Amino acid sequence: MKAFTYERATSPEAAAAAAARPGARLIAGGTNLLDLMKLQVETPVHLVDINRLGLDTIKATADGGLRIGAMVRNAELAADARVRKNYAVLSRALLAGASGQLRNKATTGGNLLQRTRCPYFYDPARPCNKRQPGAGCSALQGYNRMHAVIGASDQCIATHPSDMAVAMRVLDATVETVMPSGMRRVIPIADFHRLPGNTPQLETDMQPGELITGVTLPPPVPGRHVYRKVRDRASYAFALVSVAAIVDAGGGRIRSARMAFGGLAHKPWRVEAAETRLANTVLDESAVNAAADSVLAGARGYGHNDFKLPLVRRTLQATITEAARAA
Amino acid sequence: MKFEDHPGEADDGVGRLTRRAAVQSGAALLGVSCSLAAPHAQTVSAPPAFAAELPPQRMQVQLQINGTPHRLEVDTRTTLLDALRENLRFTGSKKGCDHGQCGACTVLIEGRRINACLTLAVMHDGDSITTIEGLAQGETLHPLQQAFLDHDGFQCGYCTPGQICSAAGMLAEVRAGMPSHVTRDLGANGPLTEAEIRERMSGNICRCSAYPNIVAAIKDVSDASGGRS
């Protein structure tokens, strides 16, 4: 690790201002940042610790939704009675991620800002456009089993590793932030993460120093909540493909369905056109296949990850069937 | 209460700076990097080409370990695990992967299990930390320690302190009604089955593969206290 100075922030505004200094980084749970600092993938010269700012409560909103403080730990959020009852897909996604120890540390805000687990991003000896813009992408011709099949570019085929963010996307969460100027803003989760394009080093819409203060969930969506994660081990592994779904069905018909995917792209992947194709249809294989066609529009494999294309189809079929059966 | 003072004796031998000098030089370097920094510096990790590296930064921290306060001075880079092992000689917590993947470093902070390798000592000023050394009551082993002995829940033993601390934290989570990935009904707390134990303990790797005996040891302790998940 490179040497750095350290300060404990006294307010969200002060934290954002301090973190806007060049080379400074905010640290919350630290489970991703410190990992990367040990490998010198991240080399901040100053850390701004936001662990004692509070921002750690979950409160009902006036319109029947839920506001989650940025510092609420993943374990706390997954166990919250209101989340378990009304936003089960979020509990399920959180519980499918990481380990018990990590969920006790990792935060709601930090989880959204997780960096990719692409092995070439993690290896400073290999070119990576995300780590060093212009250096080239080692994954394109390399071992790309875990990599993106949708929305990638010839600069970067990394995926976003979060399970939580996939559930937040299907729930239409909004992210609240404070800027270094003290100005606050709200970013819809759909616009929060970016596709790599020619700037894979930019992963979110956040500005330098900008601090997440909370995430708000709209009122609960009716339907059965399911999170299905396909991975190489039964526990404690990143998704090859995951689906967060909320399906309102009955009597063999789907009234409405929402679905977002992890493991496919540089951001949680959601295609509203696919949901429209499922709405008010008889639940059968062809209906789900048509939805999968929409989800996979423009998708392509890069060799080792070609299997993800049929896997998306089968995982969606299993997820929708499970959700509809239980509804 | 007595303070155990540890003036950073086990550090890496880099020249000691006064705090004031360190802060001043740090500020100066921040000023330099300011003029060279690229836009969007929050995601571009590479430091500016000519920025000199900061000298080591040292800070005071107080850690309440197994009920005893310890005051020490550490390099800001010191993980909680290294502070425990190298500065304070609590060598029960083990360093396996040093990246949060194996769980050998698991300790309890304010009763919650975490990976001590993935957090900084300076982030825990004033926190209460329980390590494997703090679980027994005098000569009486913690029930989990005794159960690991009774069930032969280890071979080489390197992962054992982490396994036991993790199990202690896990059982507290179960008592608090926290669900897991394999909990069928999020609205109800079912029994702490072997499948629940395996899922909840997946952050602790045992390369000798003593898992069946580890699960049995934890199940015994859980059953003895009427374990529900």
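A cavity is a set of grid points where a 1.4 Å probe fits but cannot get out. The legends below describe close-up views of a predicted model.

**Figure 1. The second largest cavity, lined in part by cysteine residues of chain A.** When the lining residues of the second largest cavity are sorted by class, 10 are nonpolar, five are polar and one is charged.

**Figure 2. The largest cavity, lined by residues of chain A and chain B.** The structure contains six cavities of 30 Å³ or more, and the largest of them has a volume of about 110 Å³. From chain A, the lining includes A:Ala75, A:Ala78, A:Leu95, A:Gly100, A:Arg103 and A:Asn104. From chain B, it includes B:Arg113, B:Glu173, B:Met178, B:Pro179, B:Ser180 and B:Arg200. Helices α3 and α6 of chain A each contribute at least two residues to this lining. The largest share, three residues, belongs to α6(A). The classes represented in the lining of the largest cavity are five nonpolar, three polar and four charged residues.

**Figure 3. The second largest pocket, with residues of both chains nearest its centre.** The space within this pocket amounts to about 680 Å³. Of the 22 residues that line the pocket, A:Arg92, A:Arg224, A:His225, A:Glu322 and B:Arg184 lie nearest its centre. Three elements of chain A give two or more residues to the lining, namely α4 (81–86), α5 (88–95) and β9 (224–230). Strand β9(A) provides the largest share, with six residues. The lining of the second largest pocket comprises 10 charged residues, together with six nonpolar and six polar ones.

**Figure 4. The interface between chain A and chain B.** Here, 58 residues of chain A are in contact with 57 residues of chain B. The size of an interface is often given as the accessible area lost when the parts come together. Between chain A and chain B the buried area is about 4800 Å², and carbon and sulfur atoms give 55% of this area. Polar contacts link 25 residue pairs between the two chains, counting pairs in which both residues have a pLDDT of 80 or more. On the side of chain A that touches chain B, the elements giving two or more residues are β1 (5–8), β2 (24–27), α2 (33–38), β3 (46–49), α3 (74–79), α5 and α6 (100–105) of chain A. Helix α6(A) gives the most to this side, with five residues. By class, the side of chain A that touches chain B consists of 24 nonpolar, 15 polar and 19 charged residues.

**Figure 5. A salt bridge between B:Asp98 and A:Lys38.** In this pair, the closest N and O atoms are 2.9 Å apart. Four salt bridges are found across the interface of chain A and chain B, and the count over all chains comes to 34. B:Asp98 is located in the loop between α2 (80–87) and β4 (106–109) of chain B, whereas A:Lys38 is located in helix α2 of chain A, so the pair joins two chains.

Definitions and conventions
Residues numbered from 1 in each chain as written. Chains lettered and ligands numbered in written order. Predicted model: local features only at pLDDT ≥ 70, side-chain atom pairs only at ≥ 80, totals over all residues. Heavy atoms only, no water. 1 Å grid on protein atoms, 1.4 Å probe; cavity = no way out; pocket = protein on both sides within 12 Å on 5 of 7 lines; lining within 4 Å. Points joined across faces, edges and corners; volume = space filled by probe spheres on them. Helix = DSSP H or I, 4+ residues; strand = E, 2+ residues; numbered from the N terminus. Nonpolar A, V, L, I, M, F, W, Y, C, P; charged D, E, K, R; others polar. Contact = heavy atoms within 4.5 Å. Buried area = accessible area lost by both parts, 1.4 Å probe. Salt bridge = Lys/Arg side-chain N within 4 Å of Asp/Glu carboxyl O. Polar contact = N/O pair within 3.5 Å; in protein donor to acceptor, adjacent residues only side chain to side chain.
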